Amino acid sequence: QTGRIDKSYPTVCGHTGPVLDIDWCPHNDQVIASGSEDCTVMVWQIPENGLTLSLTEPVVVLEGHSKRVGIVAWHPTARNVLLSAGCDNAIIIWNVGTGEALINLDDMHVDMIYNVSWNRNGSLICTASKDKKVRVIDPRKQEIVAEKEKTHEGARPMRAIFLADGNIFTTGFSRMSERQLALWNPKNMEEPIALHEMDTSNGVLLPFYDPDTNIIYLCGKGDSSIRYFEITDESPYVHYLNTFSSKEPQRGMGFMPKRGLDVNKCEIARFFKLHERKCEPIIMTVPRKSDLFQDDLYPDTAGPEAALEAEEWFEGKNADPLLISLKHGYIPGKNRDLKVVKKNILDNKPAANKKSDLINAPKKAADASNTQNEAKLDEILKELKSIKDTITNQDERISKLEQQMAKIAD
């Protein structure tokens, strides 16, 4: 829905402090996690057609941080696994389905964590911290696999993200306060694969990465432009493509998942740019004359199904994302709506409810097993039958009484 929003428009308002970060669940389009200054993480189930009333009751509240929570990130392939990082320099990994903190990494960072990124299959995380280090961590073994001191020498905030091939892309500042971007191989962090200086603006560069096309979009905080680069295996490895420029600076930026894009228009990225008083979509398209589905622009992409259950991941299993083709999102000619088949994991699950699927049930109900559900169903059916019988009996009685009344009246 576009246009001006009414002042009384409903919001999600259960936190008691400002919300610092949000992340939509990759396996359920109705679920969003939020981290706040009130030291909690909350997981919300948004109604299918949006909010009609303000939402104050989260599905689950995750309490474990002692300071504000600035980062939340869902696991890319395991259902109901959520990572949070707070100003207590701790990273907690939760099983949202049971509301439990299963991994607590509280002694790896000595300073503020700027960002955390999962790798493609969610077996590792990388973090950028105020101590100028980038760390690669195996969360289940709770050990640091690789780290690099002074990734960028400047004192301003850095960002580090995993790419699909396992390399790490970082943005930061040089000692002369120039903005830099760099590419690293975590198996050998001595020297970067590539290091580029950009400009002397002081806005932190926020990287948005598309693993399908290997393009990184850099949105500077307070900039009015988005630069984009392609990452390849050949020198110079990070190739500048172009810059999108606009008049107004961005205060923040959101990124649409690939399966939400319009393949008819060769749309390869859609940003949601936050202004002071509005949110504006910015659409990146590749100019193509053909009306046919463009296979090279849309290789199979991560779909909405989780490859693993939370318990399997915590037990040590790994799995790559389950891919879907966007071809069925292509509708020739007249109809320009993108149709992506969405499965709502929370609502349309088969009867075998696993703990982790009961994200929208309170903790107590999370242990309710199948047999209980069946027993309840039987009970309800019996009750319905007895009510129906009662109604039939009463109907007969009423008709008898009516006949008697008619006789008396005659």
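Colleague: Start with Asn167. Which residues is Asn167 in contact with, leaving aside its neighbours within four places in sequence?

Modeller: Asn167 is in contact with Ile161, Phe162, Leu183, Trp184, Asn185, Pro186 and Ile193, leaving aside neighbours within four places in sequence. Contact means heavy atoms within 4.5 Å. This is a predicted model: local features need pLDDT of at least 70, side-chain atom pairs need 80 or more, and totals for chains, interfaces and linings use all residues. Residues are numbered from 1 along each chain as its sequence is written, and side-chain values use heavy atoms, without hydrogens and water.

Colleague: Where does Asn167 lie?

Modeller: In the loop between strand S13 (159-162) and strand S14 (168-173). Strands are DSSP runs of E, at least two residues; helices are H or I, at least four; both are numbered from the N terminus.

Colleague: Buried or exposed?

Modeller: Asn167 counts as buried because its relative accessibility is 15%. Buried means under 20% relative accessible area, exposed over 50%, partly exposed in between (1.4 Å probe, protein chains only).

Colleague: New topic. How many residues has the largest nonpolar core?

Modeller: 21. Those with the most contacts inside it are Leu83, Ile91, Ile93, Val116, Ile125 and Trp313. Such a core is a set of buried Ala, Val, Leu, Ile, Met, Phe, Trp, Tyr and Cys residues joined through side-chain atoms within 4.5 Å.

Colleague: Which elements give two or more residues to this core?

Modeller: Among them are strand S6 (81-86), strand S9 (113-118) and helix H1 (310-314). A second, separate core has 20 residues, including Phe271 and Met284.

Colleague: And the secondary structure of the whole chain?

Modeller: Two helices and 25 strands.
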